[in-house]
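Visitor: I am new to this structure and would like to go through it in questions. Please show it first.

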Amino acid sequence: MLLYELDLQEKTAGAGVKPARFELAFGGMKSAAKDPDSTDEPLQLVRSTFVGDEAMRISGQIDRVDIASDQTLVAYDYKLSKGARKEDIYEGRTLQIPIYLEALEQLFFPGQKIAGGGYYTLRGGSEHVSQRF
């Protein structure tokens, strides 16, 4: 895994991509390891209905956020096995990465470009980044 990470950093050095945040929590997640830039503010998703607005408050913790020299962001969730398939995310069956990207946009880095997110597999074969979106 360490060799994979060093190889990945070497390949992205031209864009200045570096791991910048770890355990970035929102919504009051209880964690001793959370990033100091975490917030107790939840991600709030609002939709309008015929009877008024409805809001959902979500809490979570983004395992890792990489930032490029141009300030573009990438969010990762660490997995012990494979993460969700792209199709599941695009069709709305798996919401973890889209929620993390929305939290980055709303709570931590408003107005900053977000390249996407993915799952970083910590154990298993040679594929450590199983999906990027």
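Visitor: In which sense do strand 5 and strand 6 pair?
Guide: This is a predicted model, and in it strand 5 covers residues 73-79. Strand 5 and strand 6 are joined over 7 bridges. The sense of their pairing is parallel.

Visitor: Which residue in strand 6 is the bridge partner of Val74?
Guide: Strand 5 runs over residues 73-79 and pairs with strand 6. For Val74, the bridge partner in strand 6 is Gly116.

Visitor: How many residues of strand 6 are buried?
Guide: Strand 6 spans residues 114-121, which is 8 residues. The strand is largely enclosed by the rest of the structure, because the buried ones among its 8 residues number 6.

Visitor: Is Leu104 buried or exposed?
Guide: Leu104 is found in helix 3, which covers residues 96-108. A residue counts as buried under 20% relative accessible area. Leu104 has a relative accessibility of 0%, so it is buried.

Visitor: What separates the C-alpha atoms of Leu104 and Phe26?
Guide: Leu104 and Phe26 are 78 residues apart along the chain. Leaving aside residues up to four places away in sequence, Leu104 touches Leu24, Ile62, Val65, Ala75, Phe109, Pro110 and Ile114. Between the C-alpha atoms of Leu104 and Phe26, the separation is 9.6 Å.

Visitor: Where is Gln61, and why does it count as buried?
Guide: Gln61 has its place in strand 4, residues 60-67. Residues up to four places away in sequence aside, Gln61 touches Glu23, Leu24, Ala25, Phe26, Met29, Ser31, Lys34 and Tyr100. The limit for buried is under 20%. Gln61 is buried because its relative accessible area is 14%.

Visitor: How many salt bridges does the structure hold?
Guide: Side chains of opposite charge can pair when their charged atoms come close. One of the salt bridges here joins Lys79 and Asp77, at 3.0 Å from N to O. The number of salt bridges in the structure is 6.

Visitor: Which parts does the pair of Asp37 and Arg21 tie together?
Guide: The side chains of Asp37 and Arg21 meet in a salt bridge, 2.8 Å from N to O. Arg21 lies in strand 1 (18-26), while Asp37 lies in a loop, so the pair ties together parts 16 residues apart in sequence: strand 1 and the loop between strand 1 and strand 2 (43-49).

Visitor: What relative accessibility does Asp37 have, and what does Arg21 have?
Guide: Asp37 counts as partly exposed, at 40%. Arg21 also counts as partly exposed, and its relative accessibility is 22%.

Visitor: Which residue meets Arg47 in a salt bridge?
Guide: Arg47 is exposed, with a relative accessible area of 52%. Its salt bridge runs 2.8 Å from N to O.

Visitor: What accessible area do Leu2, Leu3 and Leu6 have together?
Guide: Leu2 has its place in helix 1, residues 2-11. Leu2 is exposed, with a relative accessible area of 62%. With Leu3 and Leu6, Leu2 forms a nonpolar patch on the surface, and their accessible area together is about 370 Å².

How values were computed:
Residues are numbered from 1 along each chain as its sequence is written. This is a predicted model: local features need pLDDT of at least 70, side-chain atom pairs count only at pLDDT 80 or more; totals for chains, interfaces and linings use all residues. Side-chain values use heavy atoms; hydrogens and water are left out. Helices (H or I, at least four residues) and strands (E, at least two) are DSSP runs, numbered from the N terminus. Buried means under 20% relative accessible area, exposed over 50%, partly exposed in between (1.4 Å probe, protein chains only). Contact means heavy atoms within 4.5 Å. Two strands pair if DSSP finds at least two bridges between them. A salt bridge is a side-chain nitrogen of Lys or Arg within 4 Å of a carboxyl oxygen of Asp or Glu. Patches are made of residues with over 30% relative accessible area and no salt bridge: like charges are joined within 9 Å, nonpolar side chains (Val, Leu, Ile, Met, Phe, Trp, Tyr) within 5 Å. Accessible areas come from the Shrake-Rupley method with a 1.4 Å probe; for residues, only the protein chains shown count as cover.
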